[in-house]
Amino acid sequence: MAVFSFSSLRDVFVVAGGAWRQVVRMVVSLIGSGFVAHLVHLQEPVWALITSVVVITQSRMTQTLSTGQDQIVGTLIGACAGISAIAMEQWLFWPTDLVFWVMLMPVAVLAAARPKMRVAVITLMVVLLFPGNGAPFARPFDRIASIMIGVVVSFVVSFFVLRNEARREVLRNSALLLRQVSDLLELALHQHPDSNAIAAIDDRCRALLQDLNDGVKEAEVEHPGSLARHDPLVMRLPGLLRKLRADAIFVARAAVEGQTASTGDILRSEREMLCHVLGQLADRCELAATRSRGKPLPDEGVGDVLSQIHQPASHWTSVMCFAIGLLHTDMTVLIRNVWSDGRTDEGAPALGAPHDKAAHVG
């Protein structure tokens with residue numbers, strides 16, 4: 001019979017909770033869009049519902065904002081093209097098929113040059129080709145108003161209804177990344193490291209780093225202008241963990257090239273220490289994710305964690321001493337930041353800044 005760990009069950013509930021949160025947000029957005037559309041007596045409120053679904057289904061607030069902006073700009077461009085086509089149809093007595101193709105060409109070129117503007121083509125079709133009631137020029141304005149209502153309501157729902165807290169996501173992904181780095185070092189500091197397995201773990205580390213950067217951008221949208229002041233750790237974690245991952249790859253390369261083999265099993269205690277400290281860091285990040293914003297964990301115990309990090313042994317090879325020394329230095333900075341909730345002057349790399357040792361690790 002399969003045995004499920006507590007962490008596995010927790011991950012399942014987190015994923016399920018995210019899915020149900022998205023369902024609730026979509027339902028609220030649909031109800032709100034329909035209510036507002038009927039409140040202002042739009043003749044075709046269905047376009048508000050369709051637009052609302054397109055915008056609210058984005059998983060991140062940054063994506064919602066981007067999609068909503070694209071919807072607004074594309075709708076305005078398509079609406080101008082549609083109104084121009086109706087004018088040609090009404091005043092020049094051109095057939096609908098002809099004016100549609102005449103206006104479609106420039107809009108299609110725009111959509112090809114900027115794919116995000118493809119909604120302009122859709123809006124042109126909605127305004128011109130779909131049958132509707134009322135005066136010819138009243139129909140496009142009614143549909144444009146419906147689309148705008150769908151976008152605005154989706155924005156409001158994204159900001160106020162079961163909003164994803166990006167800070168918790170950043171901290172949880174940081175814990176996952178720390179455990180991946182621990183696994184990488186566990187493999188690297190053996191007498192015969194598996195380079196393919198190390199490369200596979202590094203791929204996962206790179207993906208998590210990208211998720212961290214995306215999470216920080218999301219947190220900046222949630223708390224514009226105040227993230228660096230109230231959540232400095234969230235701002236610093238991507239840069240600090242990028243350095244840690246680079247150090248771990250540097251150590252792994254030294255190991256794969258034979259430096260570990262020349263020391264035999266002497267690095268066993270170093271390997272065990274690194275895995276233990278990285279596990280403590282991951283546990284701390286997971287625990288911090290359970291706390292509310294502005295309520296950091298107490299910083300007791302940081303001295304005990306730092307005391308476990310010792311200087312590289314003099315009998316190690318020079319390359320391994322250098323690599324481990326870099327790893328210890330960056331781990332020390334990371335520990336002090338995590339335990340102080342980022343409220344320290346030690347190590348504050350800018351988001352997206354390149355790592356100094358990138359030339360060594362590739």
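Burial is expressed here as relative accessible area, with buried meaning under 20%, exposed over 50% and partly exposed in between (1.4 Å probe, protein chains only). The model is a predicted one, in which local features need pLDDT of at least 70 and side-chain atom pairs count only at pLDDT 80 or more, while totals for chains, interfaces and linings use all residues. Residues are numbered from 1 along each chain as its sequence is written, and side-chain values use heavy atoms, with hydrogens and water left out. Helices (H or I, at least four residues) and strands (E, at least two) are DSSP runs numbered from the N terminus.

**Backbone angles in two loops**

- Most residues other than glycine have a negative phi.
- Phe93, which sits in the loop between H3 and helix H4 (96–113), has a phi near 60 degrees, a positive value in a residue other than glycine, and is exposed at a relative accessible area of 68%.
- His41, placed in the loop between helix H1 (6–39) and H2, likewise has a positive phi near 60 degrees and counts as exposed at 69% relative accessibility.

**Salt bridges**

- A salt bridge is taken as a side-chain nitrogen of Lys or Arg within 4 Å of a carboxyl oxygen of Asp or Glu, and the structure holds five of them.
- Asp202 bridges to Arg206 with the closest N and O atoms 3.3 Å apart, and the two are separated by about one helical turn because they stand four residues apart in helix H8 (residues 195–222).
- In this pair Asp202 counts as buried at 8% relative accessibility, whereas Arg206 counts as partly exposed at 42%.

**Aromatic pairs**

- Rings of Phe, Tyr and Trp (its six-membered ring) pair if their centres lie within 6.5 Å, and planes under 30 degrees apart count as stacked, over 60 as edge-to-face and the rest as tilted; by this rule the count comes to two aromatic pairs.
- Phe100 and Trp101 form an edge-to-face pair, 5.6 Å centre to centre with 70 degrees between the planes, and Phe100 is buried with a relative accessible area of 10%.
- Phe250 and Phe322 form an edge-to-face pair at 5.9 Å centre to centre and 80 degrees between the planes; Phe250 lies in helix H10 (residues 232–256) and Phe322 in helix H13 (residues 318–339), so the pair ties together parts that are 72 residues apart in sequence.
- Phe250 counts as buried at 13% relative accessibility, while Phe322 is partly exposed with a relative accessible area of 47%.

- On a 1 Å grid over the protein atoms alone, a pocket is an open set of points where a 1.4 Å probe fits, with protein on both sides within 12 Å along at least five of seven lines, and lining residues have an atom within 4 Å of a point.
- Grid points are joined across faces, edges and corners, and a volume is the space filled by probe spheres set on the points; the second largest pocket has a volume of about 350 Å³.
- Of the 15 residues that line this pocket, the closest to its centre are Val54, Gln71, Arg118, Val119 and Ile122.
- Helix H2 (46–56), helix H3 (61–91) and H5 each supply at least two residues of the lining.
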